[in-house]
Structure formats: structure tokens, C-alpha cells
Amino acid sequence: MTIPDPVHPAWLPPEAFRAIGSRRTAVLGDGLLVETVHDEVARACVQYGGRVRAAPTAGQYDFVLALTTAEPRAAIGVRRDSATGAEGYLLARHDGVTVVLADDPAGLLYGLFHVVRLGESAFTGERQAEQHRPATRRRMLDHWDNVDVHPVMGQVERGYAGGSIFWHDGGPRGDLARVRAYGRLLAACGINAVAVNNVNVHATEARLLTDRLGDVAAIADVLRPYGIRVHLSVSFASPVVLGGLPSADPLDEDVRKWWTDVTDRVHDAIPDFGGYVVKADSEGQPGPFAYGRDHADGANVLAEALAPYDGVVHWRAFVYNHRQDWRDRTTDRARAAYDHFAPLDGRFRDNVILQVKHGPIDFQVREPVSPVIAAMPATRLAVELQVTQEYTGQQRHVCYLAPMWREVLGFRPWGPDGTAVADVAGGPDGDGGGLVGVSNVGDDPYWTGHPLAQANLYAFGRLAWDPWSDPAAILDEWIDLTFVPVSESGTSADVERLRRTLHSIMDDSWRTYERYTAPLGVGFMVRPGHHYGPDVDGYEYTPWGTYHFADRDGVGVDRTRATGTGFTGQYPPPWSEVYESLDRCPDELLLFFHHVPYGHVLHSGSTVIQHIYDTHFAGAEQVKQARRRWEEAAGLFDPSLHARVKELLDEQVRCAEEWRDQINAYFFRKSGIPDVRGRHIP
């Protein structure tokens, strides 16, 4: 398979396969994914002079990839003490032979890409047997792609990398070579499921379930060789919209039968179909509330239809009142998901996955972890992350999100000795709801618009596989795969300078973005609608429930039990007490939980107002420094890629200064307190 020109190869340039392609390899086993492994190795061998065999023959091999059902133990000489499990693999090197063993064809595929990441080091010295397996079996991307071009949101809702790779102007794109290349990239970082259409299901998208199912089946055929199951976002009202029934009541027998019949047809067309994604009773999407039913009733009727086929329902917990009265401070959007779903714990079928945004609002640059994640021990939960940068610069700004995600996944809702978010998502034996990311990919030549935003997609897959991975180490992997192989004509000093440049720009970029945008956990100071750029009061007097309540005396939302909305009480101890306490609440979340005077002193020793000034000046300056570092490294990168990033850094500098000036001016005028350092505030 060739990547369609002029699409950037991302983390799978041909040079990344040099170590494998220059060696003698045996690929042993049967099945579609084993054929994929063989084809990947064969393609590399054609380019770099090695050879590959698909059956054991006499002779010496440098590299063996084998299913355990076909493994030639005597030849391999590797002791396997336990099963590798579904998607897992064993990696070892003994007597000059590097070996990947797997019980499952998918494990062989993931083992191959592990060796690609290791490069020459996989073929050096001895390596004791290592077991590798994913933390969870479900590692999924949701595409918010529309089949029809939406008059407001376009071809891809909240997409910042061009059009859809699946759909174009009302129909399928036709040529699926780009989709095949995409599946290859996803498999190489560990992702195994994709939902191919928007969770906001419009009229044309609804028909993908029935008369346009063939378009979905064609995508599934292309992704299947890379171990990726296709999922479909469906409308809860499908029995009415598509089936002509008078009702979509989940307790109606005719409705239950309709879902069973249509799911049977889906499975006939796509035997490995993954399941449904549903956004219901949210932002205008229909749901069970219309029939006096709850979300367990709604999810279970779809789960029942999917159960015979190992299918799951991803039921989104993003349910809230988007028609609030901004004057009513007792209503709190942050409370909504918990209030709706926590009472339903234990009522969902086993193949329902409640898909919970990592924070209680909406993918802001800083939020606490959603209390729903700790509130439903009898329900399978998936943690939803936003890879597309809706509120973190829209892929016009550098914002490496892995440090934020790692912080979320490592959070322990029950205290330092309790279970972490990653463990809740993983579930017992890896059979939890897993991780779901909102995709950041489009038909842009660089896949993600901003070339450096590729790192977020790569990091999502790697954290979904191993949520305890170090974000800096993941960034090193991405850099070494994406840039270092094509820089081998330079000196080792050039390669090290390239790495240093990217780390200096990207390592702290999430916190840099936080510094020049939303302070101390208060969010949504963005322009309404498209959400790019600052507008401090843009959502302040709207029905959307995203307020900061800044006035002349102070800023922040009182979410305490004592005097506010009571949201802090949705957390288990110790966090319910920590967030309730003005003295103990972490600085970075202070304004999410408390309304405080501008002169309130933070744990850092700074006042709230001075912190706002200092961080906004510092953040804008850090972006300028990043641009300077990038300009100085011009000769280390492909000229067209360097030019694209330079253009985007120019925009980031402009926008960061706009954020700095608008935020600082707004709060100077509200508070009347000048900057103690005497800097100019417009």
C-alpha cells in the first residue's frame, strides 16, 4: 500500500521501516491481520534489500513474527510462561534472533509496530522476554464528520484539518486509499475502533444505518486489515425517522423489534461491526425523556439488539440544560451529568458503555475530573478526551495535550491510595469502557492541519494502550518516527538539535496555552459559535450555562455545598472536602469552585488579579520564544513543513497577544487594581 501523494506520512515514513526491511524475516500464522503483517514487512524488504518468508523453512532468520499456534519453538528458543491474551504480544531477542509471539493476529500486528518504534535497537544485544498488552480492549476515535455539508458546522463539526476523509458533499469520498493509510497510522499507535460520523446525527447521516449502510461497509472493509472495528453514530429517533413508527419509546415492543431487525441487517453487512454511538437528550438531539423514560431505558434497547454480535452502545453522558437563566446561580451545568446518570448505576446492560467527558463542562483547558467517573462502579465507563483542539487553539496553536490527559488518567478520585481514572476506564482485566477521543483528522495534507498536532493523535493512541506512559517519552517516540529518519543525512548534533527544538516548543505548550487564555480553572471566555479567540463575556449572559460571574468585587463560580451550587458534594472524600475548602482548593481550579475577591492570595503567594496579569504576559512571551526557536531550526525540517508551522506560529503569537490584552484589560477595568509591575494594559 502506498500513501496517496502528497499526503504526509506522519509517524510511518518509509525510513522508519529500514531496520526491519534490511533483515531476513519469517511471518508465521494465518488470518487477515497476519497477511497485513507480512505485507508490511515485504514492502519494507523491497525497499531495503531484506527478505521475508510466510512459512518455516531452513535457514537463519534475524526476525520472526509468529502466532503461537504456528510458532516453531525449537527454532525460536524463547520460553513463554503465560498467554499473551487478545491483542497482546511477547517480544524477545535470543541468539541473534528478534522474536514477536502472539496468541491473536492483532497482537502480531501491534508487535510489528512496536519493533518499528524500536528501530535498530530491536536487533541489538539480548532482550529478555517482555509481555505487552493493552490496558483496555477499547481504544476508539469518534469522528464528528458530516455526510452532508452542514450550513454552520461544515463537513466536519469542530474539525480543524479540512474536510472529511470519509465523506464529501453528501456522499462517500470514493477513493479509500486515504482511509487505508489512516487505518495504518491508527494501528501503529494502538487504536482499534472508529466511529465514522458525527454524534449530532442529521437527516442524511441517519440513513447510514439503513439504505446507505453500504457506504459504511466499504469503510469497514478498508480498515479491517488493520484491526479496526467500525462504529456508527445513530439517532435515538431512528425508528420514527427511518422506520416510520409513530414512536421511539424504548419500552415499546415495536421499537425493540425495529432495533433488533435493523441491527441484524447491519451485522450481515459488517460482520465485525463495533456498535452504536448515541448522543441523546442533549443540545437538541432526541432521547428517551420525550417518552418519560430514562437513559438506562434508552441505552438498553439498543444494547439488547447488539448483544448477540459482541457489539456495544457508547451512550454519551453529555446531557445538560442548554437553556439556562444566567441570573439563576442555583443551576449549574457542571452538576448535570452526575444528576442524570449517577442514580442509574447498575441499571445498564453489560454491553452499554457510558461515555463520560473527562471534565464536567466541555473539554476546557483546565477542569476538574468529572465526578461521574467515581460515581458509577456498577456501570462500564469510557473516558472521553478531545483530540481535536476545539478549546485549545483549534490546531492553529501548538498545544501538546498528552500532559493534560496523563494528569486526568492518573487522578485518584478516592484519594492517593485509591483507584485512578485509568483503572476505572480499563476495568477488570482490561474489559472496561476504555478511552474515546474526538478525532482531529481531516483531508489536510498533514492530516491534522498543524503538523505538530499529529503528536496529539499519536499520544492518544499510546495512552489508550498504556495510560501510565510518560508524555515526554511518547513525544520522543513521535519525533523519532516522524522526523529523525528523514534527517539521517544530517549529523548526530543536528538530530539532537531537532529533538531539543521540538521539546522546547511542545513539552509545556498546554500550560503555555492555559497561561494566556483562561485563568485558574474558569473557562469559556471564547467567541461564541466558532470558539476561537477571546471574548470574556461572550457566553456570560447566554443560556449555555458557562459563566465566570466576574463583577467589581471578584470572579469565579461558587460550587460549594455551604453557599453555592453543591457541586463539590458530587465528589467522594477527600476531594469533596478539598474542593469545598477555600484554603485547600488547588490554585489551578480555584475559580472553578469558588467566587473570590481579586485580592485573594493564592498558595503561590500571588493575588488572583496579579496572577491573571503575570500569566497572560508570560504566556504570550513564551509563544514568541517558541516561534524564535522554530525559526532558528529552519534547516532541520522539510522546507514546506517548516513554512506551514512558521505561518501557524505567527498566528499563535497574534492570537496570544490578543488574549493577553483582552483578558488583562477586562479584569483591570473590573477590579480597578493596577499591575504591580507597571506593564502596559490597553
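Q: Is Glu-657 buried, exposed or partly exposed?
A: Glu-657 is partly exposed, at 23% relative accessibility. Buried means under 20% relative accessible area, exposed over 50%, and partly exposed in between, with a 1.4 Å probe and protein chains only. Bear in mind that this is a predicted model: local features need pLDDT of at least 70, side-chain atom pairs count only at pLDDT 80 or more, and totals for chains, interfaces and linings use all residues. Residues are numbered from 1 along each chain as its sequence is written, and side-chain values use heavy atoms, with hydrogens and water left out.

Q: Ok, and which side chain does Glu-657 meet in a salt bridge?
A: Lys-624, at 3.1 Å from N to O. A salt bridge here is a side-chain nitrogen of Lys or Arg within 4 Å of a carboxyl oxygen of Asp or Glu. Lys-624 is partly exposed, with 23% relative accessibility.

Q: Which helices do Glu-657 and Lys-624 lie in?
A: Glu-657 is in helix H22 (residues 639–671) and Lys-624 in helix H21 (residues 608–632), so the pair ties together parts 33 residues apart in sequence. Helices (H or I, at least four residues) and strands (E, at least two) are DSSP runs, numbered from the N terminus.

Q: What does Glu-631 in H21 pair with?
A: Glu-631 makes a salt bridge with Lys-646, with the closest N and O atoms 3.6 Å apart. Glu-631 belongs to H21 and Lys-646 to H22, so this pair links parts 15 residues apart in sequence. Glu-631 is partly exposed at 36%, and Lys-646 is partly exposed at 23%.

Q: How many salt bridges are there in the whole structure?
A: A search finds 53. One of them joins Arg-24 and Asp-62, with the closest N and O atoms at 3.0 Å. Arg-24 sits in strand S1 and Asp-62 in the loop between S2 and S3, so the pair connects parts 38 residues apart in sequence. Arg-24 is partly exposed at 29%, while Asp-62 is buried at 17%.

Q: Switching to the sheet: what's the strand order?
A: S2-S1-S3-S5-S4-S6, six strands in an open sheet with mixed pairing. Strands count as paired if DSSP finds at least two bridges between them. The edges are S2 (51–53) and S6 (127–132), each pairing on one side only.

Q: How do S4 and S6 pair?
A: S4 (residues 89–94) runs antiparallel to S6, over four bridges. Leu-90 stands opposite Gln-131 in S6.

Q: Now rings. How many aromatic pairs turn up?
A: The search of the whole structure gives 31. Rings of Phe, Tyr and Trp (its six-membered ring) pair if their centres lie within 6.5 Å; planes under 30 degrees apart are stacked, over 60 edge-to-face, and the rest tilted. Phe-318 and Tyr-320 make a tilted pair, 5.1 Å centre to centre with 50° between the planes. Both Phe-318 and Tyr-320 are buried.

Q: Why is the Tyr-579 and Phe-593 pair called stacked?
A: Their ring centres are 4.2 Å apart and their planes at 10°, so the pair is stacked. Tyr-579 is in helix H19 (residues 575–580) and Phe-593 in helix H20 (residues 590–593), so the pair ties together parts 14 residues apart in sequence. Tyr-579 is buried at 2%, and Phe-593 is buried at 0%.
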